Every structure is written in structure tokens, then in C-alpha cells.
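Opening the notebook on a new model today.

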Amino acid sequence: MERKDKLTREDLRSIGVGETKTFYLTDAAAIMSAAVNAAQTGAIDGCKFKCNRDYVENTITVTKLPNDDEREA
């Protein structure tokens with residue numbers, strides 16, 4: 001898989017609820033930025049993202065979590 005310069009909101013919004021995707025980024029700064037972007041996008045869209053960072057492989061694995069309404073159903 002190709003490395004990306006950054007993780008976009010479009011990338012995050014393409015993840016389905018309960019789905020996990022791994023993104024290969026260029027460096028540690030891009031990983032930190034991606035995690036912040038995930039938190040901001042979750043706040044805007046009313047959902048949450050769980051991020052696992054791997055600074056050795058320069059990857060971030062993102063899982064879109066169900067919001068509170070979906071968990072109660």
C-alpha cells in the first residue's frame with residue numbers, strides 16, 4: 001500500500017461503523033496530525049474514532065466506534 005502524506009476527513013468518513021482501516025503515513029508528524037484529525041472529525045460528525053499508532057512502521061490504525069445511540073439499540 002502506498003504511503004500518504006496525510007489522513008483526510010474524507011478518508012475517515014469512508015470508514016464504516018465498527019470497521020478498522022490501517023493507513024501508511026510518511027512520518028511521525030503525519031501520524032500525530034492524523035490522530036488529532038480523527039478526534040476533530042469525530043466531534044464534528046458525532047462519532048468517535050479509536051486510533052492505534054505505530055511510529056516504527058509509520059502507520060495509524062483507525063476504528064470507527066458506534067455513537068451512544070447505536071450502542072443502546
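Predicted model: local features only at pLDDT ≥ 70, side-chain atom pairs only at ≥ 80, totals over all residues.

Is Cys 51 buried or exposed? I find Cys 51 buried, with a relative accessible area of 16%; buried means under 20% relative accessible area, exposed over 50%, and partly exposed in between, with a 1.4 Å probe and protein chains only.

Residues are numbered from 1 along each chain as its sequence is written, and side-chain values use heavy atoms, with hydrogens and water left out.

Next I checked for disulfides (a pair of cysteine sulfur atoms within 2.5 Å) and got 0. Cys 47 is in none, as the nearest cysteine sulfur, that of Cys 51, is 11 Å away. Cys 47 also counts as buried, at 14% relative accessibility.

Then the strands, which are DSSP runs of E, at least two residues, numbered from the N terminus. Two of them pair if DSSP finds at least two bridges between them. I started with β3 (residues 59-65), where 6 of 7 residues are buried. Strand β1 (residues 20-24) runs antiparallel to β3 over 5 bridges, and I noted Thr 20 with Thr 63 as its bridge partner. Strand β2 (residues 48-54) is antiparallel to β3 as well, joined by 7 bridges. There, Asp 54 stands opposite Thr 59.

Notes. Helix = DSSP H or I, 4+ residues; strand = E, 2+ residues; numbered from the N terminus.
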